[in-house]
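Hello,

Here is the structure for you to look through. Please open it first, then read my notes below.

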Amino acid sequence: MHKLALFRLHLIVFLWGFTAILGKLIHANAEILVFYRMLFAAVFLYLYIRIFKKESIKVSKKIFFQLAAIGFSMALHWYCFFYSIKISNVSIALSCLSLSTLFASIMEPIIFKRKIDISEVIMGVVIVACILLIFKTEFRFKEGIFYGVLCAIFGTVFSVFNGKMFGKTSSGNIIFYEIFCGWSILMIIYLFTGQIFHMNEISYRDIALICLLASVFTAFPMLESVNLMKYISPFTLILTVNLEPVYGIILAFFIFGESEHMSPIFYVASGVMILAIIANGLIKAKKQKTLN
């Protein structure tokens with residue numbers, strides 16, 4: 001069962017890595033892409049919870065508003081991610097995601113009231129140095145890097161506060177309300193700004209690809225990641241998820257060719273970042289084993 005769980009884990013990480021590929025294949029802009037992704041994902045999750053699982057989606061008002069706030073950070077995270085891809089490329093957006101580990105090392109101790117881990121600080125310095133190196137060598141993508149960094153910040157906010165929600169209601173409800181509320185807030189913003197009238201500027205091809213993105217590459221991996229927690233440790237999940245940029249960058253290199261070819265320094269810096277994250281995870285696992 002453990003081997004099967006690990007296979008399923010790598011499958012969903014691969015699917016997450018492929019979302020960046022779909023983001024580039026979809027011609028619609030980031031605003032439209034995220035709007036429909038969240039809408040379709042919310043519909044798929046609702047059907048799964050209410051029709052397939054026949055479970056209740058009732059939550060208290062307090063939990064609802066907490067999930068709504070987290071869902072909005074998810075929407076901002078996805079918007080910055082896809083916008084970074086649109087104005088630069090897949091490799092830049094995915095490499096910037098590595099900064100999430102640095103931001104988490106700062107935010108988690110504050111939110112969960114624990115001491116700062118020195119190994120996380122060291123790793124953070126290494127990651128920042130690598131991002132600065134990428135910025136220097138790939139300066140033509142400076143705007144893409146900026147939004148990639150914002151993507152990492154909003155992704156960290158989502159992940160850290162999401163961690164405080166588990167146990168307050170079912171995992172399916174958490175994911176559903178976060179996505180549905182994130183979409184609802186976008187709807188309100190688009191109504192006030194007038195962008196809602198541009199939501200129909202999308203081709204049938206893009207609609208089909210976003211449906212695929214929302215179901216196979218969003219709703220399914222999210223639910224599967226929660227189910228896998230029964231068989232694998234949170235450490236194994238987090239460590240494996242760090243392979244998402246690896247899968248995505250390799251896929252982009254072979255699928256899109258020239259537009260994804262970066263300088264050798266970019267790949268060295270990205271490799272160092274990923275190795276630093278994995279090394280930090282192994283150090284934590286060793287410390288935890290020693291304490292036990």
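**What I found**

Phe220 counts as partly exposed, at 36% relative accessibility. Keep in mind that this is a predicted model. Phe220 sits in helix 9, residues 204-228. Phe220 also belongs to a nonpolar patch on the surface, with Leu4, Phe7, Leu11 and Phe14. Together these residues have about 460 Å² of accessible area. Which helix gives the patch its largest share? Helix 1, residues 2-25, supplies 4 residues. A residue needs over 30% relative accessible area to join a patch, so Phe220, at 36%, clears that cut-off.

Next, the charges. Lys62, Lys113, Lys164 and Lys168 gather in a surface patch of positive charge. Look for Lys168 in the loop between helix 7 (142-163) and helix 8 (171-193). Lys168 is partly exposed, with a relative accessible area of 42%.

Then there is Lys54. Find Lys54 in the loop between helix 2 (30-52) and helix 3 (61-87). Lys54 is exposed, with a relative accessible area of 66%. What is the phi of Lys54? It is positive, about 55°, although Lys54 is not a glycine. Most residues other than glycine have a negative phi.

Last, the record. An unreviewed UniProt entry places the feature "domain: EamA" at residues 10-135 and 144-278. In the model, residues 10-135 are 83% helix and 0% strand. The end C-alpha atoms of that span lie 30 Å apart.

Best wishes

Conventions
Residues numbered from 1 in each chain as written. Predicted model: local features only at pLDDT ≥ 70, side-chain atom pairs only at ≥ 80, totals over all residues. Heavy atoms only, no water. Helix = DSSP H or I, 4+ residues; strand = E, 2+ residues; numbered from the N terminus. Buried < 20%, exposed > 50% of the residue type's maximum accessible area, 1.4 Å probe, protein only. Patch = residues over 30% accessible without salt bridge, like charges linked within 9 Å, V, L, I, M, F, W, Y side chains within 5 Å. Areas by Shrake-Rupley, 256 points an atom, 1.4 Å probe, with all protein chains shown as cover. Salt bridge = Lys/Arg side-chain N within 4 Å of Asp/Glu carboxyl O. UniProt positions renumbered as here; feature names shortened; annotations may be inferred. Lys, Arg positive; Asp, Glu negative; His and termini not counted. Charge placed at Lys NZ, Arg CZ, Asp CG, Glu CD.
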